[in-house]
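Me: I would like a close look at one part of this model, and then at how that part sits in the rest of the chain. Please take the residue I name after the display as the starting point.

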Amino acid sequence: QVHLVEFGGGLVQAGGSLRLSCTASGSILSIKDMGWYRQAPGKQRELVALITTGGSTNYADSAKGRFTISRDNAKNTVILQMNSLKSEDTAVYYCYADLESYGLGTYMDFWGKGTLVTVSS
């Protein structure tokens with residue numbers, strides 16, 4: 001089994017910062033991309049940021065310049081530092097990993113259960 005567990009959500013005022021972290025654990029052979037998606041009430045889940053094993057990053061336009069994604073490959077951990085938060089950043093944030101688990105024979109998408117970020121204006 002594979003588990004992705006997120007930490008760091010909560011309530012913050014507009015203009016503030018939050019740091020989300022996620023660790024993948026379990027029967028993991030290899031991880032390719034890791035990242036964060038979010039889903040606001042009444043909206044579809046959307047990409048926030050992705051990072052490859054080699055450290056290449058991809059950000060949603062809404063995150064560029066405010067959010068920074070980083071990764072510790074040895075710890076199977078991905079971190080999202082969010083600064084200058086806005087009310088429109090309010091959403092459930094989901095950790096994502098494209099990984100191969102023992103016995104699967106292929107890479108698959110795995111998701112955390114999500115952590116709520118609420119930005120008050």
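Leaving aside neighbours within four places in sequence, which residues is Leu-99 in contact with?

Reply: Once neighbours within four places in sequence are set aside, Leu-99 is in contact with Val-2, Leu-4, Ile-28, Ser-30, Ile-31, Thr-106, Tyr-107, Met-108 and Phe-110. Contact here means heavy atoms within 4.5 Å. The model is a predicted one, in which local features need pLDDT of at least 70 and side-chain atom pairs count only at pLDDT 80 or more, while totals for chains, interfaces and linings use all residues. Residues are numbered from 1 along each chain as its sequence is written, and side-chain values use heavy atoms, with hydrogens and water left out.

Leu-99 is part of strand β9. Strands (E, at least two residues) and helices (H or I, at least four) are DSSP runs, numbered from the N terminus. Leu-99 counts as buried because its relative accessibility is 0%; buried means under 20% relative accessible area, exposed over 50%, and partly exposed in between, with a 1.4 Å probe and protein chains only. Ser-62 is 37 residues away from Leu-99 along the chain, and their C-alpha atoms are separated by 26 Å.

Strand β9, residues 91–101, also holds Cys-95. A disulfide joins Cys-95 to Cys-22, with an S to S distance of 2.0 Å; the term stands for a pair of cysteine sulfur atoms within 2.5 Å. This pair links distant parts of the chain, since Cys-22 is in strand β3 (residues 18–26), 73 residues apart from Cys-95. A search of the whole structure finds one disulfide. The angle about the S-S bond is -85 degrees, and the link of Cys-22 and Cys-95 is left-handed. Cys-22 has 0% relative accessibility and so counts as buried. Cys-95 is buried too, with a relative accessible area of 0%.

Next comes Asp-109, in strand β10, residues 107–111. Not counting residues up to four places away in sequence, Asp-109 touches Tyr-96, Ala-97 and Asp-98. The C-alpha atoms of Asp-109 and Ala-97 are separated by 5.9 Å, although the two are twelve residues apart along the chain. Is Asp-109 buried or partly exposed? Asp-109 counts as partly exposed because its relative accessible area is 44%.

Gly-16 lies in the loop between β2 (10–13) and β3. Gly-16 is in contact with Met-82, Asn-83, Ser-84 and Leu-85, if neighbours within four places in sequence are left aside. At 19% relative accessibility, Gly-16 still counts as buried. Gln-1 is 15 residues from Gly-16 in sequence, yet the two are 36 Å apart in space, C-alpha to C-alpha.

Ser-84, one of the residues in contact with Gly-16, lies in the loop between β8 and β9. Its phi is near 50 degrees, a positive value in a residue other than glycine. Ser-84 has a relative accessible area of 39% and is therefore partly exposed. Asn-76 likewise has a phi near 50 degrees, positive in a residue other than glycine. Asn-76 is found in the loop between β7 (67–72) and β8 (77–82), and at 23% relative accessibility it counts as partly exposed.

Now the chain as a whole. The protein chain has zero helices and eleven strands. Its radius of gyration is 14 Å, close to the 14 Å that the globule rule gives for 121 residues, so the chain is as compact as a globular protein of that length. The radius is taken over C-alpha atoms, and the globule rule is 2.2 Å times the number of residues to the power 0.38. Along its principal axes the C-alpha trace spans about 45 × 25 × 20 Å.

Of the 121 residues, 42% count as buried. Among contacts between residues at least 6 apart in sequence, 56% join residues at least 24 apart. The accessible surface of the protein chain comes to about 6,400 Å², and 48% of this belongs to carbon and sulfur atoms. Such areas come from the Shrake-Rupley method with a 1.4 Å probe; for residues, only the protein chains shown count as cover.

As for charge, the protein chain has 11 positive and 10 negative charges, whose mean positions are 4 Å apart. Lys and Arg count as positive and Asp and Glu as negative, with His and the chain ends not counted; the place of a charge is NZ of Lys, CZ of Arg, CG of Asp or CD of Glu.
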